[in-house]
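These are my notebook entries on a structure that I consulted for the first time. I set down what I looked up, entry by entry.

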Amino acid sequence: MLTVTLPLPDSNMAADSMDIDDSLYSRQRYVLGDSAMHRMAQSYVFLSGLGGVGVEIAKNIVLAGVKAVTVHDTKLCETWNLGTNFFIREEDVLSQMKRVEAVHSRIAALNPYVQVSKSSCVLDEGTDLSFLKKYQCVILTEASLALQKKVNNFCHSQEPPIKFISCDVFGICTRVFCDFGEAFEVSDPTGEEPKQVFVQNITQDNPGVVTCLDNQAHGLQTGQSVVFREVYGMTELNGACRQITVLTPYSFAIGDTSRLRPYAHGGFFVQVKTPRTYSFERMEKQILDPTVLIPDFSKSEAPLQIHAALLALDSFQQQHGRLPATGCLQDAEVLVRLTDEVNQTLKNKAPVNRDLVHWLSRTARGCLPPLCAAIGGTASQEALKALTGKFAPLQQWLYLDAIEVVRPLQSLPAEEFAPKGDRYDPLRACIGETMCRKLHGLKVFMVGCGAIGCEMLKNFALLGVGLADSSGEICITDPDLIEKSNLNRQFLFRPRHIQKPKSITAAEATLEINPRLQIDAHLNKVWPASESIYSDAFYSRLDVVVTALDNVEARRYVDSRAVSNQKPLLDSGTMGTKGHTEIIVPNLTESYNSHRDPPEEEIPFCTLKSFPAVIEHTIQWARDKFESAFSHKPSVYNMFWQTHSSAEQVLQRMRAQESLEGSFQVIKLLNRRPNTWDQCVTLARLKFDKYFKRKALQLLHSFPLDTRLKDGSLFWQSPKRPPAPIEFDLQDFLHFGFIVSAARLFAGIYNISYSGKDLSPEAIAQILSDMKIPEYTPIQKRIETDEMAKKPDQMKLMVSSEEERDAIRQLEEVVASQAAAPDRLQMSPILFEKDDDSNGHMDFVVSASTLRAHMYSIEAADRLQTKRIAGKIIPAIATATAAVAGLVAVELIKVVGGYDFESFKNCFFNLAIPVIVFTETAQVKKTQIRDNISFSIWDRWTVYGQEDFTLSDFMNGVREKYGIEPTMVVHGVKMLYVPVMPGHNKRLKLTMQKLVKPSPDRKYVDLTVSFAPEQDGDEDLPGPPVRYYFNRDTQDGRD
């Protein structure tokens, strides 16, 4: 395990050095890497301002694991803070506590490894700033522009510079500014893992051209560098670093190769990560000539327009000692004039947007909590970049706005936005009282209570979504329990919650933020088996569905249910620093299922089994071995003996030449079943010999090193690697690790106990000392080399008569020795658990994968990388999660308001680069059946029947109601009527009840219908689903 400096978990001061707590930080380590984690854990941060955006930043950087944070604020808790700061409670307001006092302990509780101190000293233009010298990063929120400039100048002038970030939220407008000094070095601008790409050919020319094997895209850009390995012929390239010029997606030039030896075969290249230095200007210079990020190209001038408007807003505050009054037209006109004046002083500028300035004036006293989350997540990531030198920094301004939220509210009277003295005043100032009430009465179904789920619940609480006294409700469901690794991102959970249900715990924590919410927490998985709970009647009561899921299949299922029930769906997801949002609105947009990502490339069976080329292949092989030996086979064994009551009965049936599926596998397991720990160790040693010696010997026997293909080329050339047999050596820690981990797992599935002493090298050596390993003699066998071939089903493989006789003989021996007692007909399958280092699961996968890598001369992966690949871990970090949930919650307001298509925005971002891209949602497509008949994914036709309604009646019903007669009717996978199928015309007279055979409580079925094409020879045309009700009295939504 790698070591990094981190404070020990102590409420006061902490010691300096300890290992990274992988059980807490594992998902984040995959995003940042250990070097960045090490730097971060030695860093001190000063954060001023604990409003909505300040507390968001504090949360994210404390979760990330910096060494120490000082939170600074001078204000008292007020009622309106309850609507923006999720760590301020009603009792804090009543006792007039300082904000910093109220939130300090709650921020500190997020991460016991981070020292969180508090300050409420005056910080203004007259303050001596020398106290900031001990910090590596200073973040200002809720500070005047003059103070921002002063602090920035101080930080910029230090040696080395103190990294400076300022972040502001005024109503619908937000701003982030970064200055990391004149020479900020970044070790890895993108964070993308370099790909290993195999070479097809390298020309001997000037310039030499490299072509990738099998048209694999290299993913490189001109100016980047690559290093070559294992090239035959042109060996001078091995280990050499060459700058490249991209020619096509599959080829690039590498400079002069004309004097090198001719290329023969093989080799691969890997991109070389090169550090990059970024130069920043001080704020006072950048104000006049700003460098801005453009997140929405449909309004590319918006960043510069907001830049000028927010500078004018600061001037307004300086002149009037206050922000513009909500709804005051005079103040709005003053702000427009000031914006005009400011704009004239700027070098980089855009025309003044009067509409934007008016809305800024109206909402400046307010706050949209989701905007705080979105911009706070982004600013937090910039802080982590400042501390670690990992990822490209923001240069230098980012502006986000939510004008699409407020533009449709233009005609509302000023009273709509007036304060009422409650927690929703900041929100009300932005969206008005009517919209607030709609949010309060909302009925939401959220699937998933992980990282995004926790962040969404926070946004719901601040927005007042689903209030009990407004007949609103939030229904949440998640079957998972809380694990320690969740605590790094899922900020509603604490160590005391580990192994408690996520949904129930998240609900309780959310009610602490806003006690007036109505939350119904479930522990169910949302899938076809739970449709009796999440039925159409359930969906009919909802206003919106939100997904907070981490897998595509679950999203697709929830999307299908939302579309079927005509409900809006808000989807989002993250992977490391990347995030996406997708807004799905009935009759306006396409759905999640309307598009499909290309399927994930599967590793060919023959590659996994015999010809691994890269470390991912050996890791997947080891994971498959675990699954086969310790999970699948024990499960098959148990199922077999549940079907067959005794070994004697099975023997009798096999003697009678009955074919029993799985019997040969099961008999082999029963015959070789160990009884003691010593036998488990022996079995592990035999597996070592089989996996890492005999496999290599057999391959080299079947394909000697000089084997050539039909075209004369060598069989063993890149990407195929010839294996080298491994001789067992108990002194080799890797060999010992495999034996111990495999033996422990065998003991687990066979219910054999062992002690700690049994795991010692001495004990293992003693067991193995008398063991005789039979010499291996290669045999004539066919080894699969076709990359298109699929893995054969072991249960259905043909068995020879000799194998059959051998199985009967083995079973006779077991029965004769009375070794088939009921307890021996049971095994204990093991479910792979990657996050428990004590169970030996990862020990087996790491040792097996590494040994196989050594056998094939593949560079091995460390335990952390192996765990990520074997466990299919999605890298995750709190910054991206906060940002994505904030962006979704902004869109929720638009959905509730019933806004038009142009108002909605999908978003993709990568905070590492950083790139933020807002796009219009995908407009719903109409499919034409006839000139006057069309449908979309949101359409559903209905036909009401009765008990004696026949299939012919159904088809006539469709024709009479919709003007077109079906040519084919399908229910699920069952074809009810296809004219060309034998006997189907007779079905026209059968009742729908008889054809469909519904359960007694089923009121309707959804049928898939097709229609005849307009021209003969064309394919049948698809139609919308047709919901057939068995009884005319049934109403939509009942089931």
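Are Glu433 and Arg428 buried or exposed? I found that both Glu433 and Arg428 are buried, where buried means under 20% relative accessible area, exposed over 50%, and partly exposed in between (1.4 Å probe, protein chains only). I noted that the model is predicted, so that local features need pLDDT of at least 70 and side-chain atom pairs count only at pLDDT 80 or more, while totals for chains, interfaces and linings use all residues. Residues are numbered from 1 along each chain as its sequence is written, and side-chain values use heavy atoms, with hydrogens and water left out.

Entry on salt bridges. The term stands for a side-chain nitrogen of Lys or Arg within 4 Å of a carboxyl oxygen of Asp or Glu. Over the whole structure, the search finds 53 salt bridges.

I then turned to Glu627 and Arg623, whose side chains meet in a salt bridge at 2.8 Å, N to O. Both residues lie in helix α19 (residues 615–643), four residues apart, which is about one turn of the helix. Glu627 counts as partly exposed because its relative accessible area is 32%. Arg623 counts as buried because its relative accessibility is 16%.

A further salt bridge joins the side chains of Lys693 and Glu727 (3.4 Å, N to O). This pair links distant parts of the chain, 34 residues apart: Lys693 is in helix α22, and Glu727 is in the loop between α22 and α23 (733–749). With a relative accessible area of 18%, Lys693 is buried, whereas Glu727, at 54%, counts as exposed. I also recorded one network, in which salt bridges that share partners join Asp22, Arg27, Arg29, Asp34, Asp835 and Lys867.

Entry on strands. I traced an open sheet of eight strands with mixed pairing, in the order β5-β4-β3-β6-β7-β8-β19-β18. Its edge strands are β5 (115–119) and β18 (292–293), each of which pairs on one side only. Two strands count as paired if DSSP finds at least two bridges between them. Strand β4 (residues 68–72) runs parallel to β5 and is joined to β5 by five bridges. Val69 has Val116 in β5 as its bridge partner.

Which form do β14 and β15 take together? I found a hairpin with two residues between the strands. Strand β14 (residues 245–248) and strand β15 (residues 251–253) run antiparallel and are joined by three bridges. Thr248 stands opposite Ser251 in β15.

I looked up a positive patch and found Lys609, Lys668, Arg672, Lys690, Lys781 and Lys791 in it. Patches are made of residues with over 30% relative accessible area and no salt bridge; like charges are joined within 9 Å, and nonpolar side chains (Val, Leu, Ile, Met, Phe, Trp, Tyr) within 5 Å. Lys690 has its place in helix α22 (residues 677–702) and is partly exposed, with a relative accessible area of 46%.

I also noted a nonpolar surface patch of about 280 Å², made by Met975, Val980 and Met981. Accessible areas come from the Shrake-Rupley method with a 1.4 Å probe; for residues, only the protein chains shown count as cover. Met981 lies in the loop between β32 (974–977) and α30 (992–996) and counts as partly exposed at 32% relative accessibility.

Entry on the backbone. Where did I find cis peptide bonds? One runs from Asn206 to Pro207, with omega near 5°, and Pro207 is in the loop between β10 (196–202) and β11. Another runs from Gln395 to Gln396, with omega near -25°.

Last, I looked up Ser471, a residue other than glycine whose phi is positive, near 65°. Ser471 is found in the loop between α14 (451–463) and β21 (473–477) and counts as exposed at 52% relative accessibility.

Terms used:
Lys, Arg positive; Asp, Glu negative; His and termini not counted. Charge placed at Lys NZ, Arg CZ, Asp CG, Glu CD.
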